[in-house]
Amino acid sequence: MEEGRHANIRLDAVAATAPIECEVLVIGGGSTGVGVARDAAMRGLSTVLVERGDLATGTTGRFHGLLHSGGRYAVKDPQAARECIAENIVLRRIAADCIEDTGGLFVTTPIDDPGYADRFVAGCTDTGVPVEEIGVAEALRREPRLNRRITRALVVPDATIDAWKTVWTCARSAAEYGARILPYHEVTAVTRAGDQVTGVVARNQGGETVEIRAQVTVNASGAWAGLLAAMAGCRVQISPGKGIMLATNHRLVQTVVNRCDMPADGDILVPVRTVSVIGTTDTLVSDPDDWAVTRAEIDQMLQAGENLVPGFAGSRVLRLWGGVRPLFQDHAPQESRDVTRAHAVLDHRARDGVAGLLTITGGKFCTFRLMAQDAVDAVCAVLGTTRPCRTADEPLPDSEDRHYYVLGSRLAGRERTLLDEQVICECELVRRGRLTDEMARRPAPSLDDLRRAVRLGMGPCQGGFCMYRAAGILHQTKHLSAAEADRALLAFLEERWKGYYPLLHGDQLRQAWLDDWIFQGVLDAGHLPLRAPARRPDTETAQST
Amino acid sequence: MTGQPRTAAADVVVLGGGMAGLVAAVRLAEAGLRVVTVAKGHGSLRLSPATIDILGYGPGRVDSPAQALPGFAEAHPGHPYAVVSPAAVAMSVQWLKEHVDTYSYVGDPSANMLLPTAIGVPRPSAVAPETMAGGDVRTAGPMAIAGLGVFKDFHPALAAENLQAATAAYGRPVQARPVLLDLPSAGQPDFGAVGLARRFEDAAFRSQVAAELRAAVHGEETIGMPAVLGMDQARSAWTELQQATGRPVFEIPTAVPPSVPGMRLASALHARLRRAGGRFVLGAEAVGPQLSNGTLTGVRISSAARVAPRMCRWVVLATGGLASGGIEVEVSGAASERALGLPVHGPGPGDAGFLPGYWDDHPMETAGLRVDSRLRPVGPGGEPVYPNVYAAGAVIGGARPWREKSGDGISLSTGYLAADAILEEAG
């Protein structure tokens, strides 16, 4: 469903001058943090979550959208495979509206080890991942664009999941259970009383300082967990692993397609909503905010796609991005038996002699609910209470009817009301009311936040047609000054450029140039009053004023 | 399949149906040559705000294109304006004014008007339809910017507030306030510019708008409206609205394609072309030169899934730049010219075509053909590739048309001059 009975839940605007008191403070608004907040709130703990940006803008919002069956790990990491299939089943039960049941295929392409398929079947069987072999002809019938030289095809219950929708519905559910969700609250200091962490000081969008006092603070900041722990005087060794992804302008396949070999770069092609995403790579980076993508990485993805779907390198690529995995490395002896674990809950009292702080890190999007459960179990242990976790059974908002999302859902929803309301984004069929509801729900949304929230401008024109409209509506609906609306528009244009400038070519370059004509040529956005200072030195007229 | 010419020979094949191609085709046809225009699509003219921007920024704001052009050309040796004289620009503007007869174009290259955009930036244009000129903030008094709730492509509040701030920064503040008209939409809440323009051709609808405007607008205000005041009947719709409101009215180009003023201009030029006996073939694409002993004797045209040569004595190449697909960039980063395979001047494979900042000067922006003083595309040595091929419009590289606000002037003047060069040879 496009939106449901929970649509009216608003986010906290902010800003208490008095400190906010709670039992559990969660740092990080990715899938793990929001999962922890929901779990803790459902167990009756008073909970606050802070996130430095918008929800799901770190690693969570930057992955390929694959809900693993566990097949990918069946040979390499059986424990991870077991966790994946268990959580795959749970998420299908509780988050159906976020999931498209595409199914998954592992195919042996000409560059794959022909012997891997048998090991794969054995691994799946051992770890409980359902697997079924189908004939090559049947695989090609299901996916006509697939490389016709594949030699084997194995079906597993992979699916695709909308990370933004999952996180936002989790956040709304958490708020319904009383949690306060505070996006755009960046932690500037972790407060301590002796060896006890007592909470954090955060700065909000308006530059105001908010103090939050908590009995237990959960560091769920993923790839940033090491930086955050250091603020509390603790040590967590995170190796940020960058992966890049590219989205094409339509769906090249309808099923998740994986190469049937040991995990490698560019070996997954995922149909997500209206696009296909290819991924990914794995490069160690020193800074979790460094996800810059190189031309060589793009070429690598295009070539890798060619092996799965011949002609891929010529497809129209809309956008590229990188995400940084929180790869957890810990050589502390007490953790060594857990080396193969996908995620870890660290109690800093035992590790660093600092009480009241837990770090949950490692892991994968698919296991975020389990990670949250483990983290909140540890929180309860610290608080000396036993409360059962209910997140494996209670559906997320809008998923109560347990109907999977299907690709035509939004169109079906629009068809009934086509004559009743304006369509603001034609590519993604975003109607005006949906957009203004989302604007109303947030204290100070950027156009990029709205893009993620309602998929505004995510289609082939990448906001070329809808962002002027959205800026005008934002200006009116939120009673912004023109300068604020302009700033939102300019920020969107700059951010979008970062997402596609290295790969502009072919038809998508034509699209980008049409967009550029609209914004720089027709609207002359380059000379909005906001940009005047930068241009004034070379402007005769301005010099004379 | 490609052996014998199957179509009647023409004197000139014009490739491309945008501003540059249409101007060249009309001139040549009116001079009595047999002209066939071959266009892949409708051309970007229909997406254009249809102001004739000659030079707006270079990079500081330009008050007089006529005065600024010589210095600009000197500072930008690879620019199309380095081969087009200011006198030729002025002549082409005069020619256009005489050839659009559905309504008047006003202004000239001696001074830029500053016409509000749909986001409220005063944009420098030398020449514009009479329906827009009243918005010139150099002289305008207080304004009421009027939008319609059923029209999502024009936001009067944002435009008015920005316009006030921008004109204040430019040293001559113009009062502007928004007005939102609430008109009966006949159950249809979502009009595009074209649908709304058609409604403005209906007298009853116009009088409803006029009544709303009379109620909302104050005594001394000039009324700014989105450029949807009629399609073919724009002049009478605009005139009537001014009479009915008793106030000056001006149009503001809308952001999202298609553009109503662009469609009006395209339609006026097409009518001229038809009257002059020029042929226009839509949905066909040039895929290469037809050569005979190294001499270009025609163009190979792909249409309806077959390729056939179209024989001619001269070619005007006006297929457009990066946006129109006349210049194509491959995945490797190499830029090529699509129709005739002419050498492109621009970043090569491995060069950075685009820089990380949106507002940076991207090397790829200026990719395109280099031409000689007669607008013939040249090779690396500066020699014309074919003596009988002339280039016009955005396929010529060296400009940053949207930043400079120079694209219309380049297309108009090079289309005009390409025709000149051919007429000279034809005698």
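**Sheet, domains and chain contact in a predicted model**

Helix 5 (residues 156-169) of chain B lies across strand 7 (143-148) and strand 8 of chain B, and runs at about 170° to strand 8 of chain B. Helices (H or I, at least four residues) and strands (E, at least two) are DSSP runs numbered from the N terminus; axes are lines fitted to C-alpha atoms, for helices over the stretch in contact, with angles from 0 to 180 degrees between N-to-C directions. The model is predicted: local features need pLDDT of at least 70 and side-chain atom pairs count only at pLDDT 80 or more, whereas totals for chains, interfaces and linings use all residues. Residues are numbered from 1 along each chain as its sequence is written, and chains are lettered from A and ligands numbered from 1 in the order in which they are written.

In chain B, 4 strands form an open sheet with parallel pairing, in the order 8-7-9-10; two strands pair if DSSP finds at least two bridges between them. Strand 8 (176-181) and strand 10 (249-252) of chain B are at the edges with a single partner strand each, so one side of each has no neighbour in the sheet. On average, neighbouring strands of this sheet are turned by 30° against each other, direction ignored. Strand 9 (residues 222-226) of chain B pairs with strand 10 of chain B in the parallel sense over 4 bridges, and V249(B) in strand 10 is the bridge partner of I223(B).

Chain B is divided into domain 1 (12-17 + 31-64 + 81-88 + 292-299 + 312-426) and domain 2 (105-263), with bounds from an automatic or database domain assignment. Their C-alpha centres lie 32 Å apart. Contact (C-beta atoms, placed from the backbone, within 7 Å) involves 17 residues of domain 1 and 21 residues of domain 2 of chain B.

The contact between the chains takes 49 residues from chain A and 41 residues from chain B. Elements giving two or more residues to the chain A side include helix 13 (467-477), helix 14 (482-500) and helix 15 (506-522) of chain A. Helix 15 of chain A gives the most, with 11 residues.

The axes of helix 13 and helix 14 of chain A come within 9 Å and cross at roughly 150°. Helix 13 of chain A is therefore roughly antiparallel to helix 14 of chain A (angles over 145 degrees). M467(A), A471(A), L474(A) and H475(A) in helix 13 meet A482(A), A485(A), A488(A), L489(A) and F492(A) in helix 14.

Conventions. Contact = placed C-beta atoms within 7 Å. Parallel < 35°, antiparallel > 145°, perpendicular 65-115°, else oblique.
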